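Try each task before reading its solution.

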Amino acid sequence: MLASAAAEMISDVKPEKRIKDRAATEKAIFNAAKSILAEEGFQNFGINAIARRAGCDKQLIYRYFRGLEGLIEAIGEDLGSWVKDRIPEDTGGMFLLTYGDLMEKLALYFMDALRADPLVCKIIAWEVSENSPQVRQLSEARAKSLAKWLERMRGSLEAPKGVDTAAVNAVLFAAIQHLVISSAASGQFAGVPLKSTKDWEKVATAVKRLVRGVYG
């Protein structure tokens, strides 16, 4: 009876250990893939490189993610939620009285989130220089997430009549994206320095003025 009870206890423990080991390995593989992608792009994004970075057997990448394709899908899903994860949904509550209030806060949150995320910056840069299925898959996930986030945050706030919000917001967010990418690439854009905290405070002031010029 004791032997039987002990066997049952062992059978209860082993699956938990395997689950934990798998979870840790999956996380290591996923983080390794993201770091390689952020550092080197798709040029060196391969099974062997990811396995070396994760410190695991490459067969585990096929077992857990179905190879590179599955890894790209997983990264795309993660990028699809990056806005929600990085940008606070509490944008001021009762202090958001107008659509202009909302867009000012969202634009600045978006800028800060991009500056803190090298992988997303890489993908944005790839969007204008590459047209591979992998890049499209990742960029589409990010674009859908951003659109849903904007709609959710907008709630019942309405823009001024006659303003094409889709076009205006596209220009606004595209400008922010380009400035952040230029900062990483050269530290400036059109003679405007983009290195120090003071530099970015000036950009933030310019963003506020542009938003208020359109939305009031």
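## Exercise 1: Helix 6 against helix 8

In this predicted model, Tyr-99, Leu-102, Met-103, Leu-106 and Phe-110 of helix 6 make contact with Leu-146, Trp-149, Leu-150, Met-153 and Arg-154 of helix 8. Describe how helix 6 and helix 8 cross.

*Solution.* 
- Step 1: Find helix 8, which covers residues 133-154.
- Step 2: Look at the axes: those of helix 6 and helix 8 come within 11 Å and cross at roughly 145 degrees.
- Step 3: Assign the hand: helix 6 passes helix 8 in a right-handed crossing.

## Exercise 2: Aromatic pairs

Find how many aromatic pairs the whole structure has, and work out which parts each pair ties together.

*Solution.* 
- Step 1: Searching the whole structure gives two aromatic pairs.
- Step 2: Tyr-99 pairs with Tyr-215 at 4.9 Å centre to centre, with 70 degrees between the planes. An angle over 60 degrees counts as edge-to-face, so this pair is edge-to-face.
- Step 3: Tyr-99 belongs to helix 6 (residues 99-115) and Tyr-215 to helix 10 (residues 197-215), so the pair ties together parts 116 residues apart in sequence. Both Tyr-99 and Tyr-215 are buried.
- Step 4: Phe-110 and Phe-173 form an edge-to-face pair too, at 4.7 Å centre to centre and 65 degrees between the planes.
- Step 5: Phe-110 is in helix 6 and Phe-173 in helix 9 (residues 165-185), so this pair ties together parts 63 residues apart in sequence.
- Step 6: Check burial against the cut-off of under 20% relative accessible area. Phe-110, at 0%, is buried, and Phe-173, at 4%, is buried as well.

## Exercise 3: The largest nonpolar core

Which residues of the largest nonpolar core touch the most other members, and which helix gives the most to this core?

*Solution.* 
- Step 1: The core holds 59 residues, of which Ile-29, Phe-45, Ile-50, Ile-75, Met-103 and Ile-176 touch the most other members.
- Step 2: Helix 6 is the one that gives the most, with ten residues.
- Step 3: Take Ile-75 as an example. Leaving out residues up to four places away in sequence, Ile-75 touches Phe-30, Ala-33, Lys-34, Leu-37, Phe-45, Leu-119 and Leu-138.

## Exercise 4: Cysteines

How many disulfides does the structure hold, and are Cys-56 and Cys-121 buried or exposed?

*Solution.* 
- Step 1: A disulfide is a covalent bond joining the sulfur atoms of two cysteines.
- Step 2: The structure has zero disulfides.
- Step 3: Cys-56 has a relative accessible area of 18%, so Cys-56 is buried. Cys-121 has 11%, so Cys-121 is buried too.

Terms used: Residues are numbered from 1 along each chain as its sequence is written. This is a predicted model: local features need pLDDT of at least 70, side-chain atom pairs count only at pLDDT 80 or more; totals for chains, interfaces and linings use all residues. Side-chain values use heavy atoms; hydrogens and water are left out. Rings of Phe, Tyr and Trp (its six-membered ring) pair if their centres lie within 6.5 Å; planes under 30 degrees apart count as stacked, over 60 as edge-to-face and the rest as tilted. Helices (H or I, at least four residues) and strands (E, at least two) are DSSP runs, numbered from the N terminus. Buried means under 20% relative accessible area, exposed over 50%, partly exposed in between (1.4 Å probe, protein chains only). A disulfide is a pair of cysteine sulfur atoms within 2.5 Å. A nonpolar core is a set of buried Ala, Val, Leu, Ile, Met, Phe, Trp, Tyr and Cys residues joined through side-chain atoms within 4.5 Å. Contact means heavy atoms within 4.5 Å. Axes are lines fitted to C-alpha atoms, for helices over the stretch in contact, and angles run from 0 to 180 degrees between N-to-C directions. A crossing is left-handed if the near helix is turned anticlockwise from the far one by less than a right angle, and right-handed if clockwise.
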